[in-house]
Amino acid sequence: MTKVLEDAIEKVRKLPEDRQAYAAELLEQIVAAGSDPFVVPEVHRAAVLEGLRQAQRGEFVSEDEMSALWEKCGL
């Protein structure tokens with residue numbers, strides 16, 4: 001196992017249980033794809049594209065909202 005992966009797994013261990021489950025689900029999808037390219041689920045792709053459209057319109061959250069998100073995520 002690479003050091004980068006070991007470090008990432010250690011960080012995931014510190015997350016709440018629901019976030020750990022989400023990380024495990026993503027890893028399972030990557031493993032299931034084998035050596036094929038990882039395909040981003042359509043729901044995630046749609047969310048990213050919507051975020052990009054919001055950014056293009058200048059719609060950003062405040063510093064306080066971002067701080068609250070980082071705290072919620074344990075970062």
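Which residue just after α2 takes a positive phi? That residue is G34, with a phi of about 60 degrees, and the paragraphs below place this glycine within the chain as a whole. The model is a predicted one, in which local features need pLDDT of at least 70 and side-chain atom pairs count only at pLDDT 80 or more, while totals for chains, interfaces and linings use all residues. Residues are numbered from 1 along each chain as its sequence is written, and side-chain values use heavy atoms, with hydrogens and water left out.

The chain holds 4 helices and 0 strands, where helices (H or I, at least four residues) and strands (E, at least two) are DSSP runs numbered from the N terminus. Read along the sequence, the pattern is α-α-α-α. The radius of gyration is 16 Å, well over the 11 Å that the globule rule gives for 75 residues, so the chain is more spread out than a compact globule; this radius is taken over C-alpha atoms, and the rule is 2.2 Å times the number of residues to the power 0.38. Of the 75 residues, 3% count as buried, a class that means under 20% relative accessible area, with exposed over 50% and partly exposed in between (1.4 Å probe, protein chains only).

Helix α2, residues 17-32, has 16 residues and reaches 22 Å from its first C-alpha to its last, close to the 22 Å expected at 1.5 Å a residue, the expected span being 1.5 Å times one less than the number of residues. Helix α3 has 15 residues and reaches 21 Å, close to the 21 Å expected, and G58, which follows α3, has a positive phi near 80 degrees. Within α3 (residues 42-56) lies G51, which counts as partly exposed at 31% relative accessibility.

The count of salt bridges comes to 6, each being a side-chain nitrogen of Lys or Arg within 4 Å of a carboxyl oxygen of Asp or Glu. In one of them D7 pairs with K3, the closest N and O atoms being 2.9 Å apart; these two residues are 4 residues apart in helix α1 (residues 3-13) and so are separated by about one helical turn. K3 is exposed at 56% relative accessibility, whereas D7 is partly exposed at 34%. In helix α3, E50 and R53 are 3 residues apart, again about one helical turn, and their side chains meet in a salt bridge (3.0 Å, N to O). E59 and R57 form a further salt bridge (2.9 Å, N to O), and E50, R53, R57 and E59 are linked in a network of salt bridges.
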